[in-house]
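Please look through the structure below with its sequence beside it.

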Amino acid sequence: MDKAKQRQKRAAHGHSLQQVAALAHRWVDDSRLEVLVLSSRETHRPVIPKGWPIKGRKDWKSAEIEARQEAGVVGRIARKPVGQYRYWKRINRQFVLVQVAVYPLEVTRQLDDWPERSERTLIWLPPEDAALLVDETDLGTLILECARNLRSARHRKAGISSQAEKPADAAI
């Protein structure tokens, strides 16, 4: 039985399906965080690179491959997901609940050419704008949480305390 039929059979029995995604991000001018949003192929909705896990590969590796194929981005991907979100996917004539594990991918390079280049539109946005643009509320929340964690980690690495960032009157 092929993979599509297996997924359809699982869905027909009420099981949710699993996908993996890469939350591609980059630092601009070493201070501004941006997140990659791209259009889905069929509905042209704003999404992040995602797809079905690849047999024989770790989930994080599958997410890395999806980011390269769908958006032409490569970089350093985390081995652990930053979180997950759910969405409804149409498979044939039914809707199926899909749970997506999201792996942060710090982009180091954008390729000039990649397999789905002509099928998608890409845009780099501040995380707050990307969170508003995506349809899935859980994904938007996940983008904001991940951005907060990435900024905190970057500030810790640079030796900036979170107290130093707050305005003097913030304690009032």
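In this predicted model, L17 has a relative accessible area of 3%. Buried means under 20%, so L17 counts as buried. L17 belongs to strand β1, which covers residues 17-28. W52 is 35 residues away from L17 along the chain, and the C-alpha atoms of the two are separated by 9.0 Å.

Next comes the interior. In soluble globular proteins, nonpolar side chains tend to be buried together. Here the largest nonpolar core contains 21 residues. The residues with the most contacts inside this core are L23, I48, Y85, V100, V102 and I143. Two or more residues of the core come from each of β1, β2 (32-39), β6 (83-91), β7 (94-110), α3 (127-133) and α4 (137-158).

What is I48 in contact with, leaving aside its neighbours within four places in sequence? The contacts of I48 are A21, A22, L23, L36, L38, E70, Y85, V102 and L139.

The last stop is a pocket. The second largest pocket holds about 270 Å³ of space. Its lining is made up of H25, W27, R76, A78, P104, L105, E106, L150, A153, R154 and K157. At least two lining residues come from each of β1, β7 and α4, and α4 gives the largest share, four residues. By type, six residues of this lining are nonpolar, one is polar and four are charged.

Note on methods: Residues numbered from 1 in each chain as written. Predicted model: local features only at pLDDT ≥ 70, side-chain atom pairs only at ≥ 80, totals over all residues. Heavy atoms only, no water. Buried < 20%, exposed > 50% of the residue type's maximum accessible area, 1.4 Å probe, protein only. Core = buried A, V, L, I, M, F, W, Y, C linked by side-chain atoms within 4.5 Å. Contact = heavy atoms within 4.5 Å. 1 Å grid on protein atoms, 1.4 Å probe; cavity = no way out; pocket = protein on both sides within 12 Å on 5 of 7 lines; lining within 4 Å. Points joined across faces, edges and corners; volume = space filled by probe spheres on them. Nonpolar A, V, L, I, M, F, W, Y, C, P; charged D, E, K, R; others polar.
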